[in-house]
Amino acid sequence: MTTADQPDMELYDLRVVVERIEGRSVCGLSVGDYFEVVNSSQIRIPEGGHMCMFALQSVLPLLPAKMRQLPANDWLERDSHVCCPDPEEGLVLRIERIGLQQLSSSDLT
């Protein structure tokens, strides 16, 4: 049995980066813009930056899985690109793992 001060799980911190824009940037994002998800649930956007809510909604469902180590042959372990749903924009986001955190599950639930 673990206590609240003892880590019992590992989760990756993530960075979601605008890798390319194959159309026109309607929302004002540029290649290289990003946000980070750290400590399981905290979203950080660089000072003065922003993130389109539609691009954000396209990537959110995948983030909890990308925070975990998955089997090597799992498609989500190998694939890290997500497309914004706006077909005119052609915005492609890349999910990167940027750090591994030791966390206590009792702090998260």
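Between which strand and which helix does the loop that holds Ile-45 lie? Ile-45 sits in the loop between strand S3 (42-44) and helix H1 (53-59), where helices (H or I, at least four residues) and strands (E, at least two) are DSSP runs numbered from the N terminus. The model is predicted, so that local features need pLDDT of at least 70 and side-chain atom pairs count only at pLDDT 80 or more, while totals for chains, interfaces and linings use all residues. Residues are numbered from 1 along each chain as its sequence is written, and side-chain values use heavy atoms, with hydrogens and water left out.

**View 1. Ile-45 and a nonpolar surface patch.** Ile-45 is partly exposed, with a relative accessible area of 41%; buried means under 20% relative accessible area, exposed over 50%, and partly exposed in between (1.4 Å probe, protein chains only). Together with Ile-43 and Leu-60, Ile-45 forms a nonpolar patch on the surface, and the three have about 250 Å² of accessible area together. Accessible areas come from the Shrake-Rupley method with a 1.4 Å probe, and for residues only the protein chains shown count as cover.

**View 2. Leu-63 in helix H2 (residues 63-66).** Leu-63 counts as buried, at 3% relative accessibility. Leaving aside neighbours within four places in sequence, Leu-63 is in contact (heavy atoms within 4.5 Å) with Leu-14, Val-16, Phe-35, Val-37 and Ile-95.

**View 3. Glu-22 in the loop between strand S1 (9-21) and strand S2 (34-38).** Glu-22 is exposed, with a relative accessible area of 56%. The side chain of Glu-22 is joined to that of Arg-20 by a polar contact of 2.7 Å; a polar contact is a pair of N or O atoms within 3.5 Å, of which, within protein, one must be able to donate a hydrogen and the other to accept it, and residues adjacent in sequence count only if both atoms are side-chain atoms. From C-alpha to C-alpha, Glu-22 and Pro-64 are 27 Å apart in space.

**View 4. Glu-77 in helix H3 (residues 75-78).** Glu-77 counts as buried, at 19% relative accessibility. The Glu-77 side chain makes polar contacts with the side chains of Gln-69 (3.2 Å) and Arg-97 (2.8 Å).

Notes
Patches are made of residues with over 30% relative accessible area and no salt bridge: like charges are joined within 9 Å, nonpolar side chains (Val, Leu, Ile, Met, Phe, Trp, Tyr) within 5 Å. A salt bridge is a side-chain nitrogen of Lys or Arg within 4 Å of a carboxyl oxygen of Asp or Glu.
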